[in-house]
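Here is a friendly briefing on one chain, arranged by topic. Have the model open beside you as you read.

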Amino acid sequence: SLKGRYPFEVDPLDHCETSGRAYGDLAVLLRWFCQQRRQAPSQLQIYDPYYCDGAVVRHLSGLGFGSVYNKPEDFYAVLESGKLPPHEIVVTNPPYSDDHIQRCVKFCVGSGKPFCMLLPNYVSTNDYYAQILSQATSPVTPIFLVPIERYDYWMPEHAREHAPEHVSNQDGKTSPFLSSWYIWLGPKSTEAAFKHMDRLPGVEWVVGRSAKGTKWKIKNKRQSMRPGKYGH
């Protein structure tokens, strides 16, 4: 049961962990980011303000990023108090219900710090997304890391009694939306990251300047990969 388990309100229909594959893809970018800063990945201070079941710490630590802050606390209360933990970049997959996405985008864009948000592709076409970007004190133009095959999410076992139909009863697996990493590292670093990531061989994702604009890249990538893998 979820009742009393967290110090904030939880929507039982929207309580899922991000797949390790999504973090594995992003780790390529984060390692490059650390190289540009002459910083060891283990020293990069990462903040994920939205807590689910702690998988972000396990996944990123396993990928060499050992300084991740993700604790069972009410992010909005922390934000209001002005006592955010020290961090150099936000890496997060917020809940998709209510107005959490909008509040997450507003926080990340307004913070002035680098961010990587895993969000549904449709967010980039919403009016509020464009409005928040337009209100930034300096231009913020995220790039997108889009997987060839959609990312899966997992509902923790203690939450599955509330699971909707699209969640597997066996392992809690679900993939209700096409989602991508929305990435901003500052103007110069974001452009340099795009050029670096765009020419990497043998990866199962593409980068673009819009989620929609990657469709032709995904089609070409699928055709270049071994036959049948993405034929479903």
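Let's start with Leu 145, which counts as buried because its relative accessibility is 0% (buried means under 20% relative accessible area, exposed over 50% and partly exposed in between, with a 1.4 Å probe and protein chains only). This is a predicted model, in which local features need pLDDT of at least 70 and side-chain atom pairs count only at pLDDT 80 or more, while totals for chains, interfaces and linings use all residues. Residues are numbered from 1 along each chain as its sequence is written, and side-chain values use heavy atoms, with hydrogens and water left out.

**Around Leu 145**

- Leu 145 lies in strand E6; helices (H or I, at least four residues) and strands (E, at least two) are DSSP runs, numbered from the N terminus.
- Leaving aside neighbours within four places in sequence, Leu 145 is in contact (heavy atoms within 4.5 Å) with residues including Asp 25, Tyr 151, Trp 181, Met 197 and Trp 205.
- Leu 145 and Trp 205 are 60 residues apart in sequence, yet their C-alpha atoms are 6.7 Å apart in space.

**Strand E9 and its partners**

- Strand E6 (residues 143–147) pairs with E9 in the antiparallel sense over three bridges; two strands pair if DSSP finds at least two bridges between them.
- Within E9, Trp 181 stands opposite Leu 145, and Leu 118 also stands opposite Trp 181.
- E5 and strand E9 (residues 179–184) run antiparallel and are joined by six bridges; Phe 115 has Trp 184 in E9 as its bridge partner.
- In a regular strand, side chains alternate between the two faces of the sheet.
- Both faces of E9 are covered, with Ser 179, Trp 181 and Ile 183 buried on one side and Ser 180, Tyr 182 and Trp 184 buried on the other.

**Strand E5 and the crossover**

- Strand E5 (residues 115–120) is mostly covered, with six of its six residues buried.
- E5 runs parallel to strand E4 (residues 89–92), and three bridges join the two.
- Cys 116 in E5 is the bridge partner of Val 91.
- From E4 the chain crosses through helix H4 (residues 100–111) to E5, a right-handed β-α-β crossover (right-handed if, with the strands pointing away from the viewer, the path from the first strand over the helix to the second runs clockwise).

**Aromatic rings**

- How many aromatic pairs does the count come to? The count comes to nine, where rings of Phe, Tyr and Trp (its six-membered ring) pair if their centres lie within 6.5 Å, and planes under 30 degrees apart count as stacked, over 60 as edge-to-face and the rest as tilted.
- Tyr 47 and Phe 75 make an edge-to-face pair, 6.4 Å centre to centre with 70° between the planes.
- That pair links distant parts of the chain, 28 residues apart: Tyr 47 in strand E2 (residues 46–47) and Phe 75 in helix H3 (residues 75–81).
- Tyr 47 counts as buried because its relative accessibility is 1%, and Phe 75 counts as buried at 3%.
- Tyr 50 and Phe 75 are also edge-to-face, at 5.3 Å centre to centre and 65° between the planes.
- Tyr 50 lies in the loop between E2 and helix H2 (55–62) and Phe 75 in helix H3, so this pair ties together parts 25 residues apart in sequence.
- Ring pairs link Tyr 47, Tyr 50, Tyr 69, Phe 75, Tyr 76 and Phe 107 into a cluster.

**Charges over rings**

- Arg 103 lies over the face of Tyr 76, 3.6 Å from the ring centre; a charge sits over a ring if NZ of Lys or CZ of Arg is within 6 Å of the ring centre and within 35 degrees of the ring normal.
- Arg 209 lies over the face of Phe 194, at 3.9 Å from the ring centre.
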